[in-house]
Amino acid sequence: MKRLKKLLTIIGVVLLSSGVSVFCYSLMNKPQGAPVVKTVPETPVRYMAYTEGTSVDLIHAAEISVNAVVHVMTKYEAQQASMGTDPFFEFFFRDRRGMQSQPRTASGSGVILSPDGYIVTNNHVVDEANEITITLNDKRTFKAVLIGSDPSTDLALLKIDATGLPTLEIGNSDELKIGEWVLAVGNPFNLTSTVTAGIVSAKARNINILNGDMKIESFIQTDAAVNPGNSGGALVNTRGQLVGINTAIASQTGSYAGYSFAVPVSIMSKIVTDLKQYGVVQRALLGVIINDINADFAKEKNIDVLEGVYVADVNEHSGAADAGIEKGDIITHANGIKVKSVSELQEQIGRFRPGDKVKIEVIRNNKNKEFEITLKNRMGNTDVVKEVGIKDLGASFAPISDKQKKQYGISSGLLVEKVEKDGKFAQAGVPKGYIIVKVNNRFVNTISDIEQIIKEIKQNSNKFNEQALFISGLNPNGKVAYYAVNLN
């Protein structure tokens, strides 16, 4: 009996072991299509990536820009005071009687506009310079000729005798967005080919740095670092396109303090084209006196809008008067472009020439009205303004020799080689062989010096006392002589 129980126990253990083995085997060899898995809610993965338009690569734009931006070096004549025995001669010549001319230099930047050597810069970079030298990024140097300048936009056009020069593609400053990345390229503190980056901080800024009633200030404001020497350099977008000419900084120390300002290419392109084609800017005028609108002004004038330009008065016989614009109108659009301020309106009108037609939208008595205005020049007509130049003077000129400078004790001068019968020089009595030392109390050495003075006179033609060239110099016999040449 005991043996039987022992045998049954052994058989039970064997059967139990076999069953467990079979079960485990079945689990291990279960078909693969439908595993039993405990699922856990998936934690979302947050991917951070640059989307199209936000990834900024400044390397390409910098490589393109540095070769098209030049170093502009200027030379001026300055005087050091001393005693003189002839008060009239001392006033006009100074350096002959104990006063020696001390040349001084300055520098800025410029942007090559064409392969044949046209370069744009700021007017204040080259204003009154006796000599202008251009240094390219490849270290070649050239003497530059001033083609023309426009103080009302602080732009000037230069020309060097070269070909095959690198240029920048002209971009569209109207399409610039607040917050868009830009590069400022120039030569601050004579550190050539310097590139700084920033964003567009604002547009159409008027900072009241230019003089004259014809000034146009609608600057691009950026926070790209700009310092003395950057003036006239390039402001480019990330594609390497020229969108502005760096002009000024906001500073209490003379060095960069957070903001810089550039003339947009929308203004530059028109100014440069005029200077190249006519030698003088063809300024178009609406013929209105305008004001910005703010909350206090709106309350004073009892008007309901804060955006636009208020017409304070309309000039008689102007394009605006002819079209029907009235005092109290609020200009809201110019040629379909919305204008919120005086600077924005000036920028739009500044793109046109006398004779062009512009559509102006205004609010009058809470109603919208549209007018088509024929723009006029400051003389009240649509004629092309012609430059008064050397040809009108009826004379030819030549540099004076070092021998003549030593003979007469002068450091500046221009020889009158020929005087034509019907020219303005002949009318004023200027003789052949006369040596011009000063024109309007500025030393002259080249024809370009006289041309620049004439252009500046014509830009202020409403001032009677600036309608003449006041010339001081030496007659062929060596005696001091003064002449006034009427430019009217």
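Mentor: Accessible areas here come from the Shrake-Rupley method with a 1.4 Å probe, and for residues only the protein chains shown count as cover. This is a predicted model, in which local features need pLDDT of at least 70 and side-chain atom pairs count only at pLDDT 80 or more, while totals for chains, interfaces and linings use all residues. Residues are numbered from 1 along each chain as its sequence is written, and side-chain values use heavy atoms, with hydrogens and water left out.

Trainee: What share of the accessible surface of the protein chain belongs to carbon and sulfur atoms?

Mentor: Start with the total, which comes to about 26500 Å². Of that surface, the part belonging to carbon and sulfur atoms is 53%.

Trainee: Why do Phe297 and Tyr310 count as an edge-to-face pair?

Mentor: The structure holds four aromatic pairs. Rings of Phe, Tyr and Trp (its six-membered ring) pair if their centres lie within 6.5 Å; planes under 30 degrees apart are stacked, over 60 edge-to-face, and the rest tilted. The centres of Phe297 and Tyr310 are 5.0 Å apart, and the pair is edge-to-face because the planes stand at 75°.

Trainee: How many residues apart in sequence are the parts that this pair of Phe297 and Tyr310 ties together?

Mentor: Phe297 belongs to helix α6 (residues 295–301), whereas Tyr310 belongs to strand β15 (residues 309–314). The pair therefore ties together parts whose separation in residues is 13.

Trainee: Is Tyr310 buried or exposed?

Mentor: Buried means under 20% relative accessible area, exposed over 50%, and partly exposed in between (1.4 Å probe, protein chains only). Tyr310 has a relative accessible area of 9%, so Tyr310 is buried.

Trainee: Which strand holds Tyr483, the partner of Tyr434?

Mentor: The rings of Tyr434 and Tyr483 have centres 5.2 Å apart and planes at 85°, so this pair is edge-to-face. The pair links distant parts of the chain, 49 residues apart. Tyr434 sits in the loop between α11 (424–428) and β22 (435–439), and Tyr483 in strand β25.

Definitions and conventions
Helices (H or I, at least four residues) and strands (E, at least two) are DSSP runs, numbered from the N terminus.
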